[in-house]
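Dear colleague,

Please find the structure for your review just below.

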Amino acid sequence: MLRISWTQRKSNETVLIEANSRRSLIKTIRKRQATFLGHVMRREKLEHLITTGKLHGKRGRGKQREKMMDGLKRWLGSG
């Protein structure tokens, strides 16, 4: 790697610039969410019902919670 000692006191931004790299944690999280969703959607079990939001019963008070599908649709740009 870059062999930067902890005593040099360089910021994370400086190290990323030196390594010609970018932060990609959000992309990794969304990619894993998408693969998990594909895995769950193949099954017709409780996970499928929860991710699609089709549960029976009383509606909760307050602001509606965001479903996993809505977040992925917004991120992928198809909704």
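Helix 2 (residues 25-41) and helix 4 (residues 68-76) pack at an angle of about 125°, and their axes lie 11 Å apart; here the axes are lines fitted to C-alpha atoms, for helices over the stretch in contact, and angles run from 0 to 180 degrees between N-to-C directions. Helices (H or I, at least four residues) and strands (E, at least two) are DSSP runs, numbered from the N terminus.

Before going further, please note that this is a predicted model, in which local features need pLDDT of at least 70 and side-chain atom pairs count only at pLDDT 80 or more, while totals for chains, interfaces and linings use all residues. Residues are numbered from 1 along each chain as its sequence is written, and side-chain values use heavy atoms, with hydrogens and water left out.

To return to the helix pair, helix 2 and helix 4 are oblique to each other, given that angles under 35 degrees count as roughly parallel, over 145 as roughly antiparallel, 65 to 115 as roughly perpendicular and the rest as oblique. On the side of helix 2, Arg30, Lys31, Gln33, Ala34, Phe36 and Leu37 meet Met68, Met69, Leu72 and Trp75 of helix 4, where contact means heavy atoms within 4.5 Å. By class, this contact of helix 2 with helix 4 has seven nonpolar, one polar and two charged residues; Ala, Val, Leu, Ile, Met, Phe, Trp, Tyr, Cys and Pro count as nonpolar, Asp, Glu, Lys and Arg as charged, and the others, Gly among them, as polar.

Gln33, which lies in helix 2, is partly exposed at 25% relative accessibility (buried means under 20% relative accessible area, exposed over 50%, and partly exposed in between, with a 1.4 Å probe and protein chains only). Not counting residues up to four places away in sequence, Gln33 touches Met68 and Leu72. Gln33 and Met69 are 36 residues apart in sequence, and their C-alpha atoms are 9.7 Å apart in space.

As for the chain overall, the protein has four helices and zero strands, and buried residues make up 9% of its 79 residues. Of the contacts with a separation of 6 or more, 29% are between residues 24 or more positions apart.

In helix 1 (residues 12-18) we find Leu16, which is partly exposed with a relative accessible area of 21%. Leaving aside neighbours within four places in sequence, Leu16 is in contact with Ser21 and Arg23.

Most residues other than glycine have a negative phi. Arg9, however, has a positive phi of about 55° although it is not a glycine; Arg9 is placed in the segment before helix 1 and is exposed, with a relative accessible area of 73%. Asn20, in the loop between helix 1 and helix 2, likewise has a positive phi, near 50°, and counts as exposed at 74% relative accessibility.

With kind regards
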